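Welcome! Please take a moment to look over the sequence and the model before reading on.

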Amino acid sequence: MRAVCVQDFGAPEVLVVAEVPDPEPGPGQVLVEVQSAGVGFGDVIVRSGRYPLPLPWIPGIEVAGRVVAIGADADPALLGRTVVATTAGQSGGYAERAVVTAAYTFPVPDGLDLAVALTVFQAGAVARGLTTAMRLDRADTVLITAAAGRIGSLLVQLAKAAGATVLGAASGPKLAAVTAFGADAVVDYGAPDWAERVRELTGGRGVDLLLDSVGGGVAETAFTLVADTGRIGLYGFASGRWPVVDLDSLRLGQRGLTLTGPLGLVFRKSGAEQRDDAEQALAAAAQGRLRPRIHATLPLERAAAAHRDLEDRRTVGAIVLCP
């Protein structure tokens, strides 16, 4: 079969299509004939060598397609179903066939576009988990950075649905998309006065909740915008580094702030809870209450371009590869 195979970590150009043996499902696994594969920032981090996995490596954590074979102990009712799933070992998705974990395989609801199901089942589950972990309340004013991104855009929608006031931060060209996702106001975190703009929008008080996946200087500036007794949730570092947390300047204890890595809480949920989050996200998408945006659909041969766009933060929403 054809797959994007990485022989050495490095720039996007290491993503090369090659012929590799077909995988076979083991116990508790099923084999999916891939119609769509999600491109995630985790793939970018591994490919660059910042979190290396054993080589050769086929990227891809999320796939959509038809189940064509099942391993021992997997539900035989899945055979022939059109599903979305996470790949076994969190790799192997950029391929014509992929082995996935049967316990985290979901039939696609009737009438739901396959690419939409792919881009919402895991990202939506993570977004739901983040809002729960951070105790999102309808009385909150929430600042969401990378608000045009795959998860950020869903966080905007979930926070608005919960009744919160949402401030979406993104780069200038993406602000219109953030508004379309439902944000009450948007700020360009590339502008030198963006922090002052947030202070104006909150009457000088600051925000009750910060959800940040950019890290670096953006997050460090956003720390100054959190009101006393507010909560800070750090769930990524798209800038390339985690923010420096200066406890003296932040005055964490005196101000009663809560600083959390909520993604760790989300991934430590029970399997049943994580399945429920994914199923709820799929149901919300099927009912039109959660609307992921697909930035581009590309063939496997353009995986390098997909990574480059994601790494350079040129995307709004998700990128999908199609074998």
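## About the model

This is a predicted model, in which local features need pLDDT of at least 70, side-chain atom pairs count only at pLDDT 80 or more, and totals for chains, interfaces and linings use all residues. Residues are numbered from 1 along each chain as its sequence is written, and side-chain values use heavy atoms, leaving out hydrogens and water.

## The whole protein

The protein has 11 helices and 14 strands; these are DSSP runs (helices H or I, at least four residues; strands E, at least two), numbered from the N terminus. Its C-alpha atoms fill a box of roughly 60 × 40 × 35 Å along the principal axes.

Of the 323 residues, 51% are buried, meaning under 20% relative accessible area with a 1.4 Å probe, protein chains only.

## Helix H3

Helix H3 covers residues 150-161. Because 9 of its 12 residues are buried, H3 is largely enclosed by the rest of the structure. Arg150, Gly152 and Leu154 are among those buried residues. After H3 comes Gly163, with a positive phi near 95°.

Thr119 lies in helix H2, which spans residues 114-133. Is Thr119 buried or exposed? Thr119 is buried, at a relative accessible area of 2%.

Leaving aside residues up to four places away in sequence, Thr119 touches Arg150, Leu154, Pro292, Ile294, Ala318 and Val320; contact here means heavy atoms within 4.5 Å.

Methods. The expected span of a helix is 1.5 Å times one less than its number of residues. Buried means under 20% relative accessible area, exposed over 50%, partly exposed in between (1.4 Å probe, protein chains only).
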